[in-house]
Structure formats: structure tokens, C-alpha cells
Amino acid sequence: MRESFSLYELQRIVSAAVEQALPLPVWVSAEISELKVNSSGHCYLELVEREQSSGSGAVAKASARAVIWKNRVMQLFGAFEGGTGKRLAAGLKILVQVIVNFHPLYGLSLQIVDIDPAYTVGDLERQKQRTIEQLKKDGVWDMNHTTAIPKVIQRIAIVSSATAAGYRDFMQELNSSPYRVETTLFAAVMQGEESEQSVVAALTAIADCSEEFDAVAIIRGGGSTADLECFNSYLISLYVAQFPLPVLSGIGHDKDTSVVDMVAAVPLKTPTAVATWICERAAAFDGELEYAAMLLRECCKKVTTSASTLLEQYQRSIHDFAKGAILRQKERLASYALVAENFAPTRLLKLGFAVARAKSGVISSTTDVECGDKITIEVTDGILTAEVIDKNGKKD
Amino acid sequence: MAKKIDISYTEAMAEIESILKQLQSADCDVESLATKVKRASELIELCRKKLYKAEADVEKLFE
């Protein structure tokens, strides 16, 4: 008979070897593939490491069971959630300190005694960076940033949970504004596993009737980082980036900015902030109109004032010019009178000129009379009578 | 001379300007002087009324 061990003996040997090889707790990085807390309060996990660590679909190259005993559950879960903002759950990559046990009956098990949340935070951040890089590589990163945002947003499609406090706040803020905004809710699940498909379905429904809206608001009130993880989803971000209407995001996170915020045309902090932004934009446009009306009024005033001034000036001119025309005529008459006066006969007689008359009339030539004719000569103060004695005298 | 008084602001202004020019010219006809001044005054009054109305209409629009 060959030398053999009983199964228990074999397991004892392995157990001893394991204990000897790893006597102290060690740090191990792995992905949680399953996690459940049973009724007794202990938490059982299935840890895996995958080829190339490229997503949950990759083939596992190592796996092990792990446990967090009830007395550590509260402390470790609390520390993890405090550090990452997420609850421990399947799909997360973790760095844990484990005591390696090999029990003859239960086999290999890792007892988790500590957890490093910073590792998970870093991994999530790396995932987020990969999503960002992929969107840039796809050429869609700036597409929503460059959509034209109407000066006034009057018809808005809302992606939100119908019962969320954030949605209520949003509607309340809009309703308190003097500007009317038409809202249409496209209800979606805004957290958890279903959220990706649900938000994408809502966006698709809006895209089908995009001409009925001016913009889309994706709103979600405050929540833990885990609740808002879906807004780092590649698929949702891809839809938002390529959306034909400007997307306003109001995802209430206190720390990080989600990828959806980064690709949305207008990223805002909270649902209320989105509503406020819409109202302020309307108010700004209202102000522009007010200003334009003021300018228009001023222009009209200028036109009427200058027209009025011109009329006043014309009225004065009519008066002045008419007076001028009369004056000019008076002067003309006066100058004519002067000429007439200069040629008046009485004036000429005074100067020594005389009028000689024969029977036939005024003598203007020697041929008008004969020698011996009696003629009269008119001078200033009377008439002389004379006789023509000679008429052959020449002028000097 | 029953000239039409229902004319546009621009036509009225053009006529006023034409009368002003005539009044300034050396050979201004004395006999028609008074008629011209009367016509120009009527036109100025007409323009003024039109202007006041325009002003009031504009103000009403901004109320």
C-alpha cells in the first residue's frame, strides 16, 4: 500500500504551510465580485483578479473567498464609505489587509481586518479619466458645449425622478419667477444600476421630439458619491455630449464634478441652480429689451427735438426773410426816386439850362426856327421872349 | 389760391424750404410776398401738429 494522507492530515499540512508562509496580515488588492451580509451580521465576499483588469467582463485569473466578521463590519464599512463616499459593493476595486487562513473543512479564506479607501478612490478616478479620454477620442467632448443656447429658455425637457425633492425644488424655483417656462418631465431612475439605461431612455425620448424643446435639464438632488456614480457613466455622458439641445446639468454633488457635468453645455450645482439660471437668463433678456426700448425712446426724442428746432428756425427765417425782401424793394424804390429827382426839369433849370420854344414847340435844333422868329425861353423864375437874329452860329 | 394742405411732413418741409429760398432771392415778387409768408406759416403749423402727434404716439407706445 502506498503512503497516503487522510484528507484532514493533508489539509492540516497545507494549513500549517500557509500559516508559516503568511504569519502576519498582508495587503491585497482585488475586485469584489460578490458581497453579502448574512443574517448573523458577517459579511462574505468573493474577490477576483481579472486579466488586464479591463472591466468586469474579463476572465478571472484568481479568486478567493473573504470575510469581514460581524465585529468589524460596522467599522470597515463606515471607514470605506467615509473615505470614498460609496458603500462597499460588487464591482469595486479594493485594497484590504487580510489574515490568510486555511481551514481543513472550509479551505482558503481571507479574513479582512482593514481596508484602504484611498485605493478605491484612485481607481474610480482612473476609471473617470478613462471615460473622459474615451469621449475626447470619440470626438464628442465639445459637441454639447457648442450647441446654441436660446436667449430665453421657454420650453424645457426635464430628466429627473418624479418624486425627487430636487425636482420639487426646481419646479418651485421656476414657478416663483415672473417668467413662464413650459416644463415636460421625462421620468428616469437617477441612481443605482438601472439609472444608466433609464437616463439614456429618457434622453432618447426627448431627442425624438427635440424640436419641441429649447433645452434639457438633467436634475438630481444631493446624494452620496455612490448615488451619483452613474453620472460618470460613459454611456450617459456620450448621450449628453451628443445631444442636439443644450443640456443643463444640476446634479447635486458637494465634491466632484461628474463627467455629465463636464460635457453638458451648462453645468450647474443643484436643481435649484438650474431653475435660477433659466430665470436669470430670462431676466437678462428682459433687461436687454428694456434697454433697447430706452434707446429707441431716446432716438425718437432726438428726432422730434431736432425737427422741432428746425421748424422754430424756419419760422424765424420766414419772418426775417420777408422783412428782408420788403427792405430790399424799399431800397430799390428809393434809388429809383433819386434818379428821377436828379432828372427833374426844375432842377435842370436851376442849374442854368433853359427851354426854348417856338410856335412849333420845343426847339432842339437850329432848323426848328427861321431868322426873325419870335421864340420864348423858359428859365427858373419866368419866361423870356426873344427873336432869332442869327442861326448860323456854330457851337464852339 | 386753394393749395392743398393735406400733404406729408416731408413735402411740407420741402415747400417751406423752397419758399425760404424765394424770399432770399433778389427778385422776390412783392405782390405774392404776403401769400408766400402765409403759406409758409400754415405749413410750419401743420408740421408742428404732425410732430406733436408723432411725439404723443411714441410716448403712448412706451407707456
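Visitor: How many residues does the hairpin from β13(A) to β14(A) run through?
Guide: Quick heads-up: this is a predicted model, where local features need pLDDT of at least 70 and side-chain atom pairs pLDDT 80 or more, while totals for chains, interfaces and linings use all residues. Residues count from 1 along each chain as its sequence is written, and chains are lettered from A and ligands numbered from 1 in the order written. Strand β13 covers residues 374-379 of chain A and β14 covers 382-387, paired antiparallel over six bridges (strands are DSSP E runs of at least two residues, helices H or I runs of at least four, numbered from the N terminus; pairing takes at least two bridges). The hairpin joins them through two residues.

Visitor: Which strands stand at the edges of the five-stranded sheet in chain A?
Guide: That sheet is open and parallel, in the order β7-β6-β8-β9-β10. Each edge strand has a single partner, so one of its sides has no neighbour in the sheet. β7(A), for one, pairs with β6(A) (155-160) over six bridges, with A:Ile156 opposite A:Thr183. The edges are β7 (182-187) and β10 (266-268).

Visitor: What angle does helix α4(A) make with β8(A)?
Guide: Helix α4, residues 165-175 of chain A, lies across β6, β7 and β8. Angles run from 0 to 180 degrees between N-to-C directions, with axes fitted to C-alpha atoms (for helices, over the stretch in contact). For α4(A) against β8(A), that gives about 130°.

Visitor: How do the two helices of chain B run, roughly parallel or roughly antiparallel?
Guide: Chain B has two helices and zero strands. Helices α1 (9-24) and α2 (33-62) pack with axes 9 Å apart at about 150°, and over 145 degrees counts as roughly antiparallel. Among the contact residues are B:Ile16 and B:Ile19 of α1(B) and B:Leu43 and B:Cys47 of α2(B) (contact: C-beta atoms, placed from the backbone, within 7 Å). The two helices are therefore roughly antiparallel.

Visitor: How many residues does chain B give to the contact with chain A?
Guide: Chain A puts in 17 residues, of which 10 are nonpolar, five polar and two charged (Ala, Val, Leu, Ile, Met, Phe, Trp, Tyr, Cys and Pro count as nonpolar, Asp, Glu, Lys and Arg as charged, the others, including Gly, as polar). Chain B's side comes to 19 residues.

Definitions and conventions. Parallel < 35°, antiparallel > 145°, perpendicular 65-115°, else oblique. Contact = placed C-beta atoms within 7 Å.
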